[in-house]
Amino acid sequence: MAEILKAIKGMNDILPPESARWEWLEDIVRQLMRRYGFQNMRTPIVEPTALFVRGLGEVTDIVEKEMYSFEDSLNGDRLTLRPEGTAGAVRAINEHSFLYEGGKRLYYIGPMFRHERPQKGRYRQFHQVGAEVLGFAGPDVDAELILMTAALWRDLGLVVGRDVKLQLNSLGQPEERKAHREALIRHLEAHAELLDEDGKRRLHSNPLRILDTKNPVMQPVVEAAPRLLDFLGEASLAHFNAVKAVLDAAGVPYEVNTRLVRGMDYYNLTVFEWVTDRLGAQGTVCGGGRYDGLIEQLGGKPAPAVGWGLGMERLLLLLEEVGVPAPETAPDAFAVVFAGTPLPTVLATLEALRAEGIAVVLNPAGKEGPASPKSQFKKADASGARFALVFGPDEVAQGTVSVKPLRDGGEQLRQPLNDVSAWAPSLRVGRPS
Ligand code: ATP
Ligand code: MG
């Protein structure tokens with residue numbers, strides 16, 4: 001026998017019944033986006049490597065070691081499988097002068113690729129929902145984006161403050177970061193002997209990232225480090241306070257984490273993460289912030305922007321961990337067809353039911369014709385359907401079908417084949433909405 005071919009490590013198939021959870025989540029996300037006035041966008045999965053090098057920053061984890069990059073064998077172009085969605089979104093809005101008429105609220109759902117060590121909640125192909133608001137500078141949109149994520153947790157059945165917690169920080173403006181960076185480097189240099197290898201490497205390239213180290217040895221140095229918040233000027237502080245005031249008024253609890261820096265270089269002012277302690281080390285479910293410099297950095301007309309991205313795999317793991325029930329996927333009805341029943345009548349009836357919005361599954365006959373009634377009813381039960389539609393030669397000869405309740409008791413009824421719309425709604429009874 002030929003060897004079975006396997007998917008690439010860290011890249012997962014999503015099959016039923018798991019895929020039903022994905023569709024359920026995507027439906028809830030789409031409804032949320034609609035309520036907040038976000039429009040869908042879809043950009044290519046492959047982009048020029050330069051987009052991410054320029055967009056995310058040369059010394060970020062992603063660009064340094066996590067990108068799937070390759071050469072286009074036809075013309076030698078350097079290409080990369082997108083590791084995140086913001087850079088591509090900005091490239092698209094620049095390329096199409098999309099902010100010409102004013103600000104935009106956009107969202108996307110799709111796969112991202114990072115060459116990481118696969119483990120629970122960390123994969124090489126994973127999926128993000130991303131929301132980006134482009135062209136607005138005020139703290140109102142930062143706050144609205146955070147409220148929107150809180151609304152999503154509620155819609156999904158998660159409890160804010162228990163299942164997911166909000167961490168908030170401000171990274172200020174580049175000049176403020178520069179002053180802090182100098183003070184930070186001085187502090188870290190004074191304790192250089194306590195820095196691990198990553199820390200030493202980042203000391204002069206990306207010292208801010210040292211602050212979110214998980215290495216316990218470095219904790220004392222990091223805890224005593226100068227806080228970026230103390231370097232913020234009046235305008236940055238006012239922006240931060242305005243965001244906090246909205247969250248306070250809305251009753252969304254948060255913790256100011258002065259060491260929250262996020263992985264990409266493009267952030268300024270507001271940054272936030274939703275974290276959970278139920279997924280071990282992969283605790284960040286959603287992260288975002290303001291990136292006012294990125295549009296210009298990627299060649300566009302300067303415009304402010306803010307957004308967030310959430311990891312769908314991690315969110316689904318969390319929902320399972322918390323015990324949010326899986327969505328109902330059973331059909332309303334399951335059609336059991338006995339030998340000798342005219343097929344055109346059966347299929348015409350099923351079509352009429354589906355036209356009324358009823359989910360009905362046909363039990364296919366084998367080459368030898370239908371299986372025994374007993375075996376067919378077993379399948380009907382296993383399908384989870386609430387009703388069996390029994391098509392037997394006798395029923396059909398009288399212009400009827402038998403409707404047999406499978407789950408909630410009740411009487412078996414004969415229903416007319418020529419007036420399906422009269423009784424189709426009765427098959428919806430007991431269906432979860
Ligand atoms: P982490 O610190 O866990 O590596 P990150 O800062 O790299 O996360 P972002 O780039 O902010 O993550 O991506 C947004 C979200 O996408 C994360 O909060 C997480 O939920 C999800 N995510 C990131 N990388 C992965 C991955 N390799 N596998 C699954 N989900 C991921
Ligand atoms: Mg990462």
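A network of salt bridges links Asp61, Glu64, Lys65, Asp198, Arg201, Arg202, Arg209 and Asp212. A salt bridge is a side-chain nitrogen of Lys or Arg within 4 Å of a carboxyl oxygen of Asp or Glu. The structure is a predicted model, in which local features need pLDDT of at least 70 and side-chain atom pairs count only at pLDDT 80 or more, while totals for chains, interfaces and linings use all residues. Residues are numbered from 1 along each chain as its sequence is written, and side-chain values use heavy atoms, leaving out hydrogens and water.

**Salt bridges**
- The structure holds 24 salt bridges.
- Arg386 and Asp332 form a salt bridge through their side chains (2.7 Å, N to O).
- Arg386 is buried at 5% relative accessible area, and Asp332 is buried at 2%; buried means under 20%, exposed over 50%, and partly exposed in between (1.4 Å probe, protein chains only).
- The side chains of Arg162 and Asp163 also meet in a salt bridge (2.8 Å, N to O).
- Arg162 is partly exposed, with a relative accessible area of 47%, whereas Asp163 is buried, with 1%.

**An additional pair**
- Glu144 and Arg105 are joined by a salt bridge between their side chains (2.8 Å, N to O).
- Glu144 is partly exposed at 28% relative accessibility, and Arg105 is partly exposed at 25%.

**Distance**
- Leu347 and Asn206 are 141 residues apart in sequence and 66 Å apart in space, C-alpha to C-alpha.
- Leu347 is partly exposed, with a relative accessible area of 38%.

Note on methods:
Chains lettered and ligands numbered in written order.
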